[in-house]
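Please keep the sequence and the structure in view while reading.

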Amino acid sequence: KTLLNILSDARKLNWDLGEEYALGELMRDVDTGVDPESEDEEMKIGVERFTDQIEKFTAEDKEKVKEVFLKHLGKKETEAIFKDATKLTKEEDEKLHGLRHDLGFDGQEKEAFKELISDVEKGADVESEGETELAMMAEAEQKVDKLTSEDKKRLQ
């Protein structure tokens with residue numbers, strides 16, 4: 001079993017493959033002395049999602065997760081992983097904040113964009129929306145289309 005599978009069993013969490021890949025890469029980086037900053041954006045985003053999920057835990061549950069890491073990896077490696085994860089998360093959060101600011105969605109555009117995403121996920125007919133909503137969705141979509149693939153993943 002991987003460490004994330006053990007954590008998942010222990011906490012009944014649903015880790016996705018991106019988070020598992022990212023944390024595995026971070027663990028390998030710590031083992032081999034590679035700077036996690038040199039990793040690709042997908043890995044950094046996965047670490048950020050993992051860390052954000054952990055941050056939502058109670059203090060007691062956070063400690064349980066750390067204990068699992070300590071048991072399987074030892075103190076030095078656990079501290080390095082959590083330190084690097086915190087650093088990567090802060091950087092990714094700053095990039096996401098900047099991205100949201102740069103997109104400049106107003107309140108109505110944000111709602112239209114959420115509605116567009118919801119319709120696509122549900123397989124609903126986007127064209128069934130009203131004219132105003134469709135216009136705002138189109139404007140939001142144009143802004144998102146101009147983003148790099150890394151920024152699109154980050155926004156997602």
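## Basis and overall make-up

The model is predicted, and local features are described where pLDDT is at least 70, side-chain atom pairs count only at pLDDT 80 or more, and totals for chains, interfaces and linings use all residues. Residues are numbered from 1 along each chain as its sequence is written, and side-chain values rest on heavy atoms, with hydrogens and water left out.

The protein has 8 helices and 0 strands, where helices (H or I, at least four residues) and strands (E, at least two) are DSSP runs numbered from the N terminus. Along the sequence this gives the pattern α-α-α-α-α-α-α-α. Of the 156 residues in the protein, 37% are buried; buried means under 20% relative accessible area, exposed means over 50%, and partly exposed lies in between, with a 1.4 Å probe and protein chains only. Among contacts (heavy atoms within 4.5 Å) between residues at least 6 apart in sequence, 65% join residues at least 24 apart.

## Helix H3 and its two partners

Two packed helices are described by the angle between their axes and the distance between the axes. Here, axes are lines fitted to C-alpha atoms, for helices over the stretch in contact, and angles run from 0 to 180 degrees between N-to-C directions.

| Helix pair | Axis distance | Axis angle |
|---|---|---|
| H2 and H3 | within 8 Å | roughly 105° |
| H3 and H5 | 8 Å | about 105° |

The axes of H2 (residues 17–32) and H3 cross at roughly 105°, which makes H2 roughly perpendicular to H3; angles under 35 degrees count as roughly parallel, over 145 as roughly antiparallel, 65 to 115 as roughly perpendicular and the rest as oblique. From H2 the contact draws on Gly18, Glu19, Tyr21, Ala22, Leu23, Glu25, Leu26 and Asp29, and from H3 on Met43, Gly46, Val47, Arg49, Phe50 and Gln53. The residues of this contact divide into 7 nonpolar, 3 polar and 4 charged, where Ala, Val, Leu, Ile, Met, Phe, Trp, Tyr, Cys and Pro count as nonpolar, Asp, Glu, Lys and Arg as charged, and the others, Gly among them, as polar. The buried residues of H2 include Glu19, Ala22, Leu23, Glu25, Leu26 and Asp29. Just after H2, Gly33 takes a positive phi of about 75°.

H3 and H5 pack at an angle of about 105° and are therefore roughly perpendicular to each other. This contact is made by Glu41, Met43, Lys44, Ile45, Val47, Glu48, Thr51 and Asp52 of H3, together with Ala85, Leu88, Thr89, Glu92, Asp93 and Lys95 of H5. By class, the contact of H3 with H5 has 5 nonpolar, 2 polar and 7 charged residues.

## Individual residues

Lys44 lies in H3 (residues 41–55) and is buried, with a relative accessible area of 6%. Not counting residues up to four places away in sequence, Lys44 touches Pro36, Glu37, Glu39, Leu88 and Glu92. Leu88 and Glu92 are among the buried residues of H5.

Thr78 lies in H5 (residues 75–103) and is buried, with a relative accessible area of 0%. Leaving aside neighbours within four places in sequence, Thr78 is in contact with Lys66, Phe69, Leu70 and Leu73. A polar atom of the Thr78 side chain lies 3.2 Å from the backbone oxygen of Phe69.

Two further residues sit in loops. Asp35 is found in the loop between H2 and H3 and is partly exposed, with a relative accessible area of 43%; the C-alpha atoms of Asp35 and Asp84, 49 residues apart along the chain, are separated by 9.0 Å. Lys146 is found in the loop between H7 (131–145) and H8 (149–155) and counts as exposed at 73% relative accessibility, while its C-alpha atom is separated by 9.8 Å from that of Leu103, 43 residues away along the chain.

Notes. Polar contact = N/O pair within 3.5 Å; in protein donor to acceptor, adjacent residues only side chain to side chain.
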